[in-house]
Amino acid sequence: MNRPMLTALLTIGLAQSLKVPIKKIQTDQWEWDTLLETGGMPSSHSAGVTALATYVALERGVSSVDFALSTVFGLIVMYDAQGIRRQTGELTIKVNEMNADLERMAGDSHAKQSEKRSVKLRERLGHQPEEVVGGALLGLITGGISYALTGRRKKKSFIF
């Protein structure tokens, strides 16, 4: 069994599941489709890669190549989740607003015809920085718990 990978995948599932009650607290509505959406608190991307890096650090040590690879991979994923993907989501919001404005300016008859062809672009793609941090904290916790449940203890120094 690949315990680090299983830990990361279960952490992603846990993060996605936590989005539903967090969204309920924020909006006072149950939004079950949040289970399958990207974005939101906590970032499942950040949670998964941080759980993986945490487990690898505890299992192999922070001086291992495995930890270096999982950490660099994780940093790229987290940067992408809150940087590039977030900007894409904000751009998509503007495109949807422009499309709605154009339909209103064209008048009702054109808007009804356009409504059939027009598909609103998906707006929620990225994360706020606090959502990335929330996911990373969740990943630290789950990675640590998963390693502790193996019953193994590293004999050499954690750092070196």
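Predicted model: local features only at pLDDT ≥ 70, side-chain atom pairs only at ≥ 80, totals over all residues.
Pro 42 sits in the loop between α1 and α2.

The loop between α1 and α2 holds a second residue to look for, Asp 28. Asp 28 is not a glycine, and yet its phi is positive, at about 60°. Is Asp 28 buried or exposed? Its relative accessibility is 61%, and the cut-off for exposed is over 50%, so Asp 28 counts as exposed.

Now step back to the whole chain. The protein chain has six helices and zero strands, and from the N terminus on its elements run α-α-α-α-α-α. Of the 160 residues in the protein chain, 34% are buried. Among contacts with a separation of 6 or more, 75% join residues 24 or more positions apart.

**Helix pairs**

| Helix pair | Angle | Axis distance | Handedness of crossing |
|---|---|---|---|
| α1 and α2 | about 150° | 8 Å | right-handed |
| α2 and α3 | about 165° | 9 Å | left-handed |
| α2 and α6 | roughly 40° | within 7 Å | right-handed |

Let us start with α1, residues 3-27, and α2, residues 44-60, which pack at an angle of about 150°. Angles over 145 degrees count as roughly antiparallel, so α1 and α2 are roughly antiparallel to each other. The residues of this contact divide into 10 nonpolar, five polar and two charged. On the α1 side they include Arg 3, Pro 4, Ile 12 and Lys 19, and on the α2 side they include Ser 44, Leu 52, Tyr 55 and Val 56.

Next come α2 and α3, which pack at an angle of about 165°. That makes α2 roughly antiparallel to α3 as well. From α2, the contact uses residues including His 45, Val 49, Ala 53 and Arg 60, while α3 brings residues including Asp 66, Phe 67, Phe 73 and Met 78. By class, this contact has nine nonpolar, six polar and two charged residues.

The last pair in the table is α2 and α6, whose axes cross at roughly 40°. Among the α2 residues in this contact are Ser 46, Thr 50, Leu 58 and Glu 59, and among those of α6 are Val 132, Gly 139, Gly 143, Tyr 147 and Thr 150. How many residues of each class does the contact of α2 with α6 have? There are nine nonpolar, 10 polar and one charged.

**The core**

Which residues make up the largest nonpolar core? It has five residues in all: Val 49, Val 77, Met 78, Val 132 and Ala 136. Both α3 (65-82) and α6 (129-150) supply at least two residues of this core. As general background, nonpolar side chains tend to be buried together in soluble globular proteins.

Not counting residues up to four places away in sequence, Met 78 touches Ser 46, Val 49, Thr 50, Val 132 and Ala 136.

Gly 134 lies in helix α6. Its relative accessible area is 19%, and buried means under 20%, so Gly 134 is buried. Gly 134 and Ala 15 are 119 residues apart in sequence, while their C-alpha atoms are 9.5 Å apart in space.

Ile 145 is also found in helix α6. At 47% relative accessibility, Ile 145 counts as partly exposed.

Methods: Residues numbered from 1 in each chain as written. Heavy atoms only, no water. Core = buried A, V, L, I, M, F, W, Y, C linked by side-chain atoms within 4.5 Å. Buried < 20%, exposed > 50% of the residue type's maximum accessible area, 1.4 Å probe, protein only. Helix = DSSP H or I, 4+ residues; strand = E, 2+ residues; numbered from the N terminus. Contact = heavy atoms within 4.5 Å. Axes fitted to C-alpha atoms, helices over the stretch in contact; angles between N-to-C directions. Parallel < 35°, antiparallel > 145°, perpendicular 65-115°, else oblique. Left-handed = near helix turned anticlockwise from the far one by under 90°. Nonpolar A, V, L, I, M, F, W, Y, C, P; charged D, E, K, R; others polar.
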